[in-house]
Amino acid sequence: MLGQTLFELIPAHFLLLAKKPAKAHYMLELIDFRKSYGSDFHLEIGDLNLEAGIHLILGENGSGKSTLLKAVAGIHPFEGEIVLSGVSISKDPLEYRKLIGFAEAEPLFPDFLSLEDLIQVVVKAKSSSPTQVEDLKETLKIGDFSKQAIGSYSSGMLKKSALLLAFIGDPKLIILDEAFTTLDVGTQQSLTRLIERKSKEGTSFLLTSHQNEPITAFDFSSTISLNQGRIIEHEGA
Amino acid sequence: MKELSTSAFVSPFYRQFLGFWVLLLVFTTVFMEYPQHVLLAEFIYRNPILPWVLPLIFLSFSTLVLSFQKELLRRSSYTIFHHLGLWPKAEFRSHIFQVWISTHAFLMVYLAFLSIYGIKAQAFLTVSILWLVIFFSFVLHLNQIKKTLSKPIKEKLFSRPFKRLTLPPFSWLMVQLKEKRPLLLLSTKGLSLILLSGFFTSYATGRYDIRWLLFAGLIAAYFHLPILMERMKMEGTSMNWFKSLPSHPWRKSRDHILGLGLILAPEILMIFWRGIEVLSAFEVVYLAIYMLSLVLGLLGLLKWIRLKSFDQRILIPAFFIVFITIIFYFHPLYISIVSFCLFVFMMRHAYEQ
């Protein structure tokens with residue numbers, strides 16, 4: 001007893017607590033994430049931590065990519081927890097959604113409205129400036145069609161509309177599901193440059209793509225491969 | 001922003017229940033005149049229970065509006081409106097108020113009219129409670145929409161009956177109505193069955209001849225116009241792909257006859273059930289065939305109107321032509337043959353559904 005140092009007298013569990021490293025601040029944390037559609041489809045991700053950067057999600061049709069993205073975007077419910085830049089979706093869902101920009105693979109909007117109407121909705125929600133919207137319109141080559149009814153848009157125009165809406169405000173994470181599909185080559189290049197610029201400014205991205213060419217331009221922080229609702233590979237983690 | 005609220009949240013509400021609003025307008029303006037509304041108001045406030053029913057009616061209506069608005073927000077095309085939850089509080093309240101007042105306007109105006117007679121009848125308590133309920137229903141509506149928008153919204157999943165079976169094409173209209181327009185299906189069936197039952201009951205008194213039931217069949221067939229229009233809409237949208245496939249006229253006709261036969265099954269059963277008491281077996285059978293052929297004829301007429309880009313108001317003189325043939329004792333078989341010929345004529349091309 002006399003030979004024991006002060007160090008040895010300190011309870012072991014207390015030492016463990018003291019030695020525990022400070023909690024890492026991931027850009028995005030998925031904790032025990034699960035999502036089911038009845039008995040037909042189960043998406044089981046479990047725990048997944050992503051650093052800030054550009055991340056690519058790969059997988060065949062029906063592997064669960066879009067379902068995962070919609071849940072991360074805060075659109076559809078799920079089981080578990082998602083934390084983005086320290087903001088929990090379950091504890092502070094509104095604050096969480098302010099940090100996200102999302103463009104669906106096949107965007108749908110009410111066909112009787114115009115893109116200008118939708119811009120008003122999102123600008124008000126994200127407290128964005130008219131200058132930012134004008135810049136985005138120029139970058140994505142959105143012409144006068146923004147004042148026409150959405151019902152008259154081509155699939156490319158719809159895609160550009162969804163992309164513009166996703167970039168409005170100052171999102172910490174922008175989720176782009178099949179961002180390059182249906183876009184012309186010029187807009188694909190503009191979008192690539194826009195993603196790179198925003199990434200340098202500190203915005204993170206979650207991308208999915210079936211097209212090889214545009215996405216080879218990016219230096220991905222990690223690549224996640226999904227198969228039948230499960231992660232089968234996470235490179236760069 | 002007011003225009004956006006109206007076009008995105010108010011117009012779809014009135015469009016969805018258009019049939020109900022038209023019926024209500026016809027009932028309250030054609031069948032009831034101003035003195036009758038006054039009599040109704042006085043009657044309500046003389047009765048000890050009815051004034052307490054008014055807040056309940058308002059609450060039921062408000063619940064319907066709220067559930068409709070929540071359903072709208074669940075639509076895939078409305079995902080963009082989840083951003084409304086992120087709007088500054090004052091602007092969010094103003095948007096919800098515009099939607100709420102526009103969707104409740106008709107009922108509130110009528111309740112305001114009733115309240116004047118309530119005050120005249122010195123029913124201050126019930127009138128005050130009615131308007132308190134109206135106010136709290138707005139607060140509830142605001143909170144519920146805010147709550148809905150402040151969390152991820154459960155996605156709308158489509159189900160289909162008999163998962164293991166392949167649904168034959170003739171059943172697709174029924175599945176579409178069940179999934180997307182259940183209220184339309186229920187209200188059409190409800191109204192046409194009530195109407196047929198009423199006509200059979202009065203026919204049983206012996207004061208009318210068979211023309212009375214033929215007239216009932218004509219009205220019941222016209223009640224199915226919204227369903228036929230839904231069918232046309234379905235052909236122009238989700239069925240468009242199938243429309244581009246060549247199909248033998250016989251096959252198309254068979255699918256239409258079976259599909260509409262399925263829709264008309266309750267009416268046909270009622271004709272057999274009630275008709276067998278008062279008609280001969282032959283009359284029952286041709287009454288059922290007459291009803292089915294009228295609906296098929298109406299479908300043919302709608303297709304012809306679309307093909308020629310004619311005005312849909314042609315349906316009105318068509319109604320009166322059939323009505324006059326009934327009045328002048330034309331045998332229903334002739335009406336059925338003409339209706340069926342119109343239907344077959346529109347089915348004659350392989351590419352036109």
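In this predicted model, helix 4 of chain B meets helix 6 of chain B through Pro51(B), Trp52(B), Leu54(B), Pro55(B), Phe58(B), Leu59(B), Ser62(B), Leu66(B), Gln69(B), Lys70(B) and Leu73(B) on the helix 4 side, and through Thr126(B), Ile129(B), Leu130(B), Val133(B), Ile134(B), Ser137(B), His141(B), Gln144(B), Ile145(B) and Thr148(B) on the helix 6 side. The residues of this contact comprise 13 nonpolar, seven polar and one charged.

Two packed helices are described by the angle between their axes and the distance between the axes. Here helix 4 (residues 50-74) and helix 6 (residues 124-149) of chain B have axes that come within 10 Å and cross at roughly 15°. Angles under 35 degrees count as roughly parallel, so helix 4 of chain B is roughly parallel to helix 6 of chain B. The crossing of helix 4 and helix 6 of chain B is right-handed.

Between the chains, 23 residues of chain A are in contact with 23 residues of chain B. On the chain A side, helix 4 (93-98) and helix 5 (115-126) are the elements that give two or more residues. Helix 5 of chain A gives the most, with eight residues.

The two contacts divide by residue type as follows.

The largest nonpolar core has 70 residues, of which Leu118(A), Ala166(A) and Ile175(A) touch the most other members. Beyond its neighbours within four places in sequence, Leu118(A) is in contact with Phe109(A), Leu113(A), Ser161(A), Leu165(A) and Ile80(B). Another core, of 37 residues, lies apart from the largest one and includes Phe223(B), Met291(B), Leu299(B) and Ile335(B).

Terms used. Residues are numbered from 1 along each chain as its sequence is written. Chains are lettered from A and ligands numbered from 1 in the order in which they are written. This is a predicted model: local features need pLDDT of at least 70, side-chain atom pairs count only at pLDDT 80 or more; totals for chains, interfaces and linings use all residues. Axes are lines fitted to C-alpha atoms, for helices over the stretch in contact, and angles run from 0 to 180 degrees between N-to-C directions. Helices (H or I, at least four residues) and strands (E, at least two) are DSSP runs, numbered from the N terminus. Angles under 35 degrees count as roughly parallel, over 145 as roughly antiparallel, 65 to 115 as roughly perpendicular and the rest as oblique. A crossing is left-handed if the near helix is turned anticlockwise from the far one by less than a right angle, and right-handed if clockwise. Two residues are in contact if their C-beta atoms, placed from the backbone, lie within 7 Å. Ala, Val, Leu, Ile, Met, Phe, Trp, Tyr, Cys and Pro count as nonpolar, Asp, Glu, Lys and Arg as charged, and the others, Gly among them, as polar. A nonpolar core is a set of buried Ala, Val, Leu, Ile, Met, Phe, Trp, Tyr and Cys residues joined through C-beta atoms within 7 Å. A residue is buried if 20 or more other C-beta atoms lie within 10 Å of its own, exposed if 12 or fewer, and partly exposed in between; C-beta atoms are placed from the backbone.
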